[in-house]
Amino acid sequence: MRLEVAAAGNANENINLIDAQFQAEALRALRGKDCGVLDNSFFSDANPRGDKRDENASFMWELTAENAQTITIGRGMASAYGYDIKNKDEVTFTVVAPSAGSKFVFIFLSWDLSNPTEALGEIDIHDNGGAAAWTPPYQDNLITSPIGKYQMPLYRIEINPSGQVVSTAEWTALGVETIIGVHHAQNAELSYQACYADDNTSETIGERLQALVARVNSLGFRQATFSIAGIGGQIITRQGNYVKVRVQAAVHPQLEWYAQYFANDKTICTLPELFRPTASLTASMVVANNDGTQIAAFAVIISQDGSIKRIIGSGPDVINQDATLIFCAGFEAPAIPVEEERDGEHRYYAFDK
């Protein structure tokens, strides 16, 4: 069945003096797409800003395919390099069922500009046998080849030996685009939505930034528990690069606590990995009795590997009463590297705050 082609004429015969190629190039540039089915939708009353539209499915090459004898294609429009064609009436095809297995047929559109005085547009059916994949033989660029041919698949229909339609696939699944709106209107729509984070979320840019700030804050503020001199449940805090540790815990010397942890070359404790200093430093520990009176004080060194050890020669050699261990220190720790994935690549960032 022949279809109408927009602005196709014969200048030599003074018939339809519109330059078809000129019009096609202008339409292609305006839409920003080369080839595809032309969307037939309208602005939605429920969305006056225009970024959502009401589809008119009955004018989008609507397919009715119950069996091999009743394959009907409805009205629609399509464009190949700006050359538009349309179908105003339903078209019906019949197919011979396969004797065994499945048969695949393709409904396709065709543009034929090989006759310079008459452009021909058609809708037709191609029997592809048992093969589900088909590449149309004519795929000319009608702008650079003004007497070329182009074919565009609309539907793939699978038919069984009983003549029943087993499955269908429309043009989008066959690699053909749907051209909706015009190029600059799409850009305007994106500009209108510029305050939103992306097309798939209702979050505004401000909300996304607040979430990012909250994430950075969560990365900068950390806490961990550790054991010092065998006394567990101690808390160490990190804010940005600054680490603060404060210990006040009961000591029971009858368990040989002091000899076990404060002898020469003994490690009093090891700080968690993200809570270690950038450089070794010295600090002090105090042992006090229950009324706060100091019993002993000794110096310790906090190393970059997180270990804390008594400095030899500082403090007493024995503590023989119940007491309280008091330890406070603050120091700078290395920045925390954070891994993110952007554009398919993993990148690392060091948060200093």
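**Note on a predicted structure: salt bridges, cores and selected residues**

1. The structure holds 4 salt bridges. The model under review is a predicted one, and the points below should be read on that basis. As background, side chains of opposite charge can pair when their charged atoms come close. Three of these pairs are taken up in turn in the next points.

2. Arg 31 and Asp 84 form a salt bridge in which the closest N and O atoms are 2.9 Å apart. Because Arg 31 belongs to helix α1 and Asp 84 to strand β8, this pair ties together parts that are 53 residues apart in sequence. Are the two partners buried or exposed? Both Arg 31 and Asp 84 are buried.

3. A salt bridge also joins the side chains of Lys 33 and Glu 177, with an N to O distance of 3.0 Å. Lys 33 sits in the loop between α1 and β2, while Glu 177 sits in the loop between β13 (165–170) and β14 (178–179), so the pair links parts that are 144 residues apart in sequence. Lys 33 is partly exposed, its relative accessible area being 26%. Glu 177 also counts as partly exposed, at 40% relative accessibility.

4. The side chains of Asp 127 and Lys 103 meet in a salt bridge as well, at 3.0 Å from N to O. Here strand β11 supplies Asp 127 and strand β10 supplies Lys 103, so parts that are 24 residues apart in sequence are tied together. Asp 127 is partly exposed, at 43% relative accessibility, whereas Lys 103 is buried, with a relative accessible area of 12%.

5. Strand β8, which carries Asp 84, deserves a point of its own. It pairs with β7 through 5 bridges, and the two strands run antiparallel. Within this pairing, Ser 79 stands opposite Asp 84 of β8. The hairpin of β7 and β8 has 2 residues between the strands, and in this hairpin Tyr 81 takes a positive phi near 55 degrees. Why may β8 be called largely enclosed by the rest of the structure? The reason is that 4 of its 5 residues are buried.

6. The next matter is the nonpolar interior. In soluble globular proteins, nonpolar side chains tend to be buried together. In this model the largest nonpolar core has 37 residues, and those touching the most other members are Trp 61, Leu 109, Trp 111, Ile 123 and Met 152. Several elements give two or more residues to this core, among them helix α1 (20–31) and strands β7 (76–80), β8 (83–87) and β10 (103–112). Which element gives the most? It is β12, with 6 residues. A second, separate core has 32 residues, including Met 285, Phe 298, Phe 327 and Ala 333.

7. Ala 283 is found in strand β19, which covers residues 281–288. This alanine counts as buried because its relative accessibility is 15%, under the 20% limit. Setting aside neighbours within four places in sequence, the contacts of Ala 283 are Phe 298, Ala 299, Val 300, Ile 302, Phe 327 and Ala 329. Of these, Phe 298 and Phe 327 are included in the second core. Ala 329 is 46 residues from Ala 283 along the chain, yet their C-alpha atoms are separated by 6.5 Å.

8. Asn 128 lies in the loop between β11 (120–127) and β12 (149–159). Its relative accessible area is 16%, so Asn 128 is buried. What does the side chain of Asn 128 reach? It reaches the backbone oxygen of Ala 131, at 2.9 Å. Beyond its neighbours within four places in sequence, Asn 128 is in contact with Phe 104, Val 105, Phe 106, Ala 133 and Trp 134.

9. How many disulfides does a search of the whole structure find? The search finds 0.

10. The protein contains 4 helices and 24 strands. Of its 353 residues, 37% count as buried. Among contacts between residues at least 6 apart in sequence, 58% join residues at least 24 apart.

Methods. Residues numbered from 1 in each chain as written. Predicted model: local features only at pLDDT ≥ 70, side-chain atom pairs only at ≥ 80, totals over all residues. Heavy atoms only, no water. Buried < 20%, exposed > 50% of the residue type's maximum accessible area, 1.4 Å probe, protein only. Contact = heavy atoms within 4.5 Å. Disulfide = S-S within 2.5 Å. Polar contact = N/O pair within 3.5 Å; in protein donor to acceptor, adjacent residues only side chain to side chain. Core = buried A, V, L, I, M, F, W, Y, C linked by side-chain atoms within 4.5 Å. Pairing = 2+ DSSP bridges.
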